[in-house]
Amino acid sequence: MINKSNEFTRRMLNFPAIRPSETVSFSSLIASLIQLGQSICEYKSRTFFTNKKNARNSIRLIEDILIVLKEIPNEVSRFAYSSILSLSEIHFILQKFQFLLEDCSREDSRIWMLAKSEDVSCQFQMLTRAVAVALDVLPLEEIDVSVEAKEVVEFVTNQAFKLKFEVEVDDRKMQVNVLNILDQFEDGRIQESSDLKRVLDYLRIKHWGECNREVKFLDNEIYLEGNTMEKREMGILSSLMGFMIYCRGTLFEVLDNTSSRQITSGDQIIRFLNHDDFRCPITLEIMSDPVTIASGHTYDRSSILKWFRAGNSTCPKTGERLTSTDLVTNLALKVLIKQNCSANGVPFVETSRRNHDTVKSVAASSVANEQAMKLLASFLVGRLVAGTFEQQNKTAFEIRLLTKTSIFNRSCLVEAGGIPPLLNLVTSRDSSCQENAMAALLSLSKNSKSKSIIVGNGGLFLILDVLKEGLKMEARQHAAGTLFYLTSVEEYRKMIGENPGFIPSLLELLRDGTDRGKKNALVTIFGLLMRPENHWRVIAAGLVPLVVNLLKSFEREDLITDSLAVISTLSERLDGAMAVLYAGALPIIINVLNSCNSRAAKEYCVSLLLALCINGGADAVPVLVKNSSVMGPLYSLLAEGNSKASKKASALIRLLHEYNEKTSSGLITPVFIEDQFINVW
């Protein structure tokens, strides 16, 4: 009966209590109330970083109520049912008390709860008064309890009405300190470390990991707030985010043990999950915006809306007729999908108006956040240039975190001159330092101004050294990822392609790297292929047989899709198509077309098969004509794919039908298919 709200779905100071069912038995209600009261009393052992007095007073109040509840007989009496209404109301209120106490004792939201002290004290006051009202109307004369218990109820009721829940004096003083610091940030003034430490000491934030948990909490709240209509809290959330990030970057010299696991913690969370649950039952693709419908089943928003717009009013999975077509965002599942994508290096595409990265860039419009980040960027670059080796390594790790998702942070660090000293660090013979510096450069390379700075400071040769001989595989894959962003510039595509070291090193990473390393190598090669002169270079280096062999072993659909994209691009030219055919790719491509769930992979398969038929028709067309299994997926894409995929599927179907008709009639002619179908390109 007690609501166990999922931590992913409930926002702070939001209390989704559930009223007991009207048909609940008296004995079940009493048992659940006692269990709930005992759970609340266990909060006495927890640490409250703010709102301490209010929390303690509330717990004492619940302890007194629990004394009365334990005296109420569990057996059903002829008077019991007239008391259920009052007791159900108490159950409802106690649930909210538990949520509030949980929020006040959370270890990752201390500064946010300090900032919200007024709201918290008001909640305590409101819930206490609500309990008093429910107790006041509880018909004790109908319940067989002792006189002492009735006196306790009277005492608790009076106390609940008398108690004043206000912002505590120390909390108020610290609130003022925080606001003063934020005002100074807005003016662009560097903060005294003693002032910052005073706030963190009050909140008992002693270590880097504790500070980082605060940052991650605020980060998630900003994301959630950015997806609401009103965004009333965005300004203060953004300012506090800037405050905590500045503290994290300037006050802590040592990364505690928890910090080394921060980047990969998502791997541990999703390792035990069934990844099929991340797929939409309609499209079989990983969901980007999961929503739950009235039947309780979850679908991707775009696919279920398409289902409803087609006139269907049933659940696609069960066939159950729906009483409502309302959609409820499944935030818990969305968070897990994002963690899964992050852990596996798979891009997560947001379908809402704002993605996480955009929300963060909007958050930086808080003046305090903006100025704090600029001050922090200057501080960190100074540490990179003149700090000890330990300070430089810690700073590189800090920059790695800051630049991972925030556009604004990347811009600040580029403007502050962070790239040249990071390039110096990639030559370090310490594996951790090299990896942190390379990962930071990977994120910074997304910035439009950074690419010329990297290349202008000799970064290409340094990145090549890491790609070839990086001390850890992670550093090598970060180097490949950095090259991917550099290949967006035509001049650098030319420089990378003409250097004899890059393509062989990318192929080595593709052969021996981790899944993420293979992905980074594939997308970088794809970027190089945007320059036609690089086609023969990757073919000569032996890319095609390597990719074809890897296609047999890949289990991740994103790697299959990327591999198909690479050889599809190569097959648009005659030499590439022949290399793909000679590598024995045709049966593998047909197998992927028939078995892969990814629509993108299927569309690349069609593009690839059409290119092979056009550029190597005599070797490809007869094989496809004999293999009738390809027609089903082709017709499916013809009906459901985008216009480009449909056009290619149509061209391939027509080509195969015409060849089949000619062979059936005995009119077999030389296959110069490129003359007939060149217009589809």
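Helix H3 (residues 84-105) is mostly covered, with 18 of its 22 residues buried, where buried denotes under 20% relative accessible area, exposed over 50% and partly exposed in between (1.4 Å probe, protein chains only). Helices (H or I, at least four residues) and strands (E, at least two) are DSSP runs, numbered from the N terminus. At 1.5 Å a residue, the 22 residues of H3 should span 32 Å, and the 31 Å between its end C-alpha atoms agrees with this; the expected span is 1.5 Å times one less than the number of residues in the helix. The model is predicted: local features need pLDDT of at least 70 and side-chain atom pairs count only at pLDDT 80 or more, whereas totals for chains, interfaces and linings use all residues. Residues are numbered from 1 along each chain as its sequence is written, and side-chain values use heavy atoms, with hydrogens and water left out.

Leu13, in the segment before helix H1 (26-41), has a phi of about 60°. Asn51 has a phi of about 55° and belongs to the loop between H1 and helix H2 (52-71). Asn51 is buried, its relative accessible area being 0%.

The axes of helix H7 (residues 169-186) and helix H8 (residues 193-202) come within 10 Å and cross at roughly 145°. Axes are lines fitted to C-alpha atoms, for helices over the stretch in contact, and angles run from 0 to 180 degrees between N-to-C directions. The crossing of H7 and H8 is left-handed, that is, the near helix is turned anticlockwise from the far one by less than a right angle. On H7 the contact (heavy atoms within 4.5 Å) is made by Asp170, Asp171, Met174, Asn177, Val178 and Ile181, and on H8 by Asp195, Leu196, Arg198, Val199 and Tyr202. By class, six of these residues are nonpolar, one is polar and four are charged; Ala, Val, Leu, Ile, Met, Phe, Trp, Tyr, Cys and Pro count as nonpolar, Asp, Glu, Lys and Arg as charged, and the others, Gly among them, as polar.

Three strands form an open sheet in the order E2-E1-E3, with antiparallel pairing. Strand E2 (298-300) and strand E3 (328-329) stand at the edges with a single partner strand each, so one side of each has no neighbour in the sheet. Strands pair if DSSP finds at least two bridges between them; strand E1 (residues 290-292) and E3 pair over two bridges. Thr329 in E3 is the bridge partner of Val291. Helix H12 (residues 301-309) lies across E1, E2 and E3, running at about 95° to E2.
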